Amino acid sequence: MHNFPAILLDDELWRIVTLSLQVSLSAVGIAMALGLPLGAALAVWRFPGRDVVVVTLNALMGLPPVVVGLVVYLLLSRAGPLGQLGLLFTPGAMVIAQTILILPIAAALCRQAVEDAWREYEEQLRSLGVEGLQAALTVLWDIRFSLLTAVLAGLGRASAEVGAVMIVGGNIDGVTRVMTTTIALETSKGDLPLALGLGIVLIGVVLLLNGAAHLVKEAAQRRYG
Amino acid sequence: MILPLRLDEVSLTIQGRTVIHPLSLEIAAGPATIILGANGAGKSVLMRLMHGLLSPTSGRVQWRDADPDRVRRMQAMVFQRPVMLRRSALANVQYPLQAAGVAEPERSRVAAAALQEVGLHHLAGRPARAFSGGEQQRLALARAWALHPEVLFLDEPTASLDPTATREIESIIRAFDASGTKIIMATHNLGQARRLGDEVLFIHQGRLVERALVDRFFNQPASAEAAAFIKGELPWV
């Protein structure tokens with residue numbers, strides 16, 4: 001059995017923490033790059049069946065991670081359509097699964113934020129002679145700090161998630177082992193101090209990132225109103 | 001010149017409700033035109049039809065100039081509650097100039113001059129969203145001023161402001177008028193109509209009931225509705 005300080009000095013532990021952050025932050029980055037423009041377009045673009053898309057997108061925020069893990073597993077497995085990429089049981093597969101989980105959150109929250117702002121800005125911008133893509137970009141830029149909420153929600157989902165990364169990553173020691181999968185494993189093995197130590201580190205990391213985001217938002221508010 | 005503006009049997013129906021009944025009129029350059037009427041009479045809607053923010057259900061809105069880009073560029077509108085972008089006051093004035101293709105250093109020079117005009121030059125670097133209601137409205141006027149519009153639409157620009165801010169706004173509107181910009185302003189404030197207007201379009205329940213010079217309108221209103229409105233009998237109908 002480990003004791004607390006020893007755990008925190010453990011090399012292996014920091015490898016696990018680093019991989020966790022790499023996977024989750026990559027997934028958040030990709031999901032935001034795809035989801036924010038998607039959400040913005042959905043906010044300003046009227047087309048038949050839009051309501052169905054909006055409701056579906058909102059529902060997808062609750063996508064069960066194990067189901068996403070299973071689908072990605074099937075896609076990436078040797079016999080699957082993307083099998084020859086050889087991504088199964090790699091960090092890449094974990095990033096893909098988490099991206100799929102976060103994308104609806106990024107798009108749905110961005111859609112809501114842009115739609116609310118759009119209601120306020122649209123007439124004024126049209127009156128100033130700004131329309132279409134330029135207007136959408138102006139709104140998106142103006143509410144950029146509100147979109148931090150979407151980023152944080154995505155990050156929360158990614159860092160807390162265990163089912164999908166367990167299935168597509170395989171929880172392989174030194175390769176795809178991340179904080180949540182280690183906690184699950186160590187708990188079942190009965191190594192509660194290690195599981196608990198990792199849990200504390202995980203919560204600390206999430207708190208740190210949220211605190212940083214909050215400071216950025218506060219500073220921006222003071223500066224830009 | 002994009003004026004005169006002609007409305008030809010223009011009407012607007014929203015969700016089965018006729019907000020503006022078929023209406024024809026011509027607005028020429030020169031005298032300040034006040035669109036007067038009670039809340040809900042259709043003043044703002046009529047203005048949005050003129051400005052092009054709403055499309056009429058029937059009829060046509062025509063400017064003398066047929067080029068839509070020039071028509072758009074030569075008019076500006078100040079709303080009851082202006083929307084400021086989350087950036088500095090100066091950047092807010094520069095924004096439409098940039099959209100209109102005005103290059104630097106001209107853009108900064110024009111924007112700074114516009115802020116000077118409304119007395120906000122000392123707050124140029126401050127975030128616009130932190131301004132008071134009166135300051136934001138002055139900033140909205142600066143934004144319009146920078147565009148040198150031929151026509152300026154104002155939709156109840158002082159309805160949510162205190163008397164001091166209202167006086168400041170009114171003096172800026174007079175400056176626009178003096179500089180040759182055609183003023184078309186919606187208001188339900190009789191005193192303001194008298195102070196700033198040369199002619200009155202009186203709107204009642206979506207119809208143009210009366211059009212007259214200000215003195216004549218207030219002293220000898222031709223319609224019963226206008227007479228009642230002036231006497232204050234139907235302020236909120």
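In the predicted model, the buried residues of helix 6 of chain A pack against helix 2 (11-44) and helix 5 of that chain. Helix 6 spans residues 132-142, and its buried residues are A:A135, A:A136, A:V139, A:L140 and A:D142. Viewed down the axis of helix 6 of chain A, these buried residues fall within an arc of 165°, so they line one face of the helix. The face turned away from this buried side carries the exposed residues A:L133 and A:W141.

Helix 5 of chain A (residues 91-127) also packs with helix 3 of chain A (residues 50-60), at an angle of about 130° and with the two axes 8 Å apart; helix 3 of chain A is therefore oblique to helix 5 of chain A. The crossing of these two helices is left-handed. To the contact, helix 3 of chain A contributes A:V54, A:L57, A:N58 and A:L60, while helix 5 of chain A contributes A:P104, A:A107, A:A108 and A:R111.

In chain B, the residue B:W145 lies in helix 5, which covers residues 133-146 of that chain. When its neighbours within four places in sequence are left aside, B:W145 is in contact with B:A114, B:E117 and B:V118. Of these contacts, B:A114 is 31 residues away from B:W145 in sequence, yet the C-alpha atoms of the two residues are 5.9 Å apart in space.

Terms used: Residues are numbered from 1 along each chain as its sequence is written. Chains are lettered from A and ligands numbered from 1 in the order in which they are written. This is a predicted model: local features need pLDDT of at least 70, side-chain atom pairs count only at pLDDT 80 or more; totals for chains, interfaces and linings use all residues. Axes are lines fitted to C-alpha atoms, for helices over the stretch in contact, and angles run from 0 to 180 degrees between N-to-C directions. Helices (H or I, at least four residues) and strands (E, at least two) are DSSP runs, numbered from the N terminus. Angles under 35 degrees count as roughly parallel, over 145 as roughly antiparallel, 65 to 115 as roughly perpendicular and the rest as oblique. A crossing is left-handed if the near helix is turned anticlockwise from the far one by less than a right angle, and right-handed if clockwise. Two residues are in contact if their C-beta atoms, placed from the backbone, lie within 7 Å. A residue is buried if 20 or more other C-beta atoms lie within 10 Å of its own, exposed if 12 or fewer, and partly exposed in between; C-beta atoms are placed from the backbone. The arc is that of the directions from the helix axis to the C-beta atoms.
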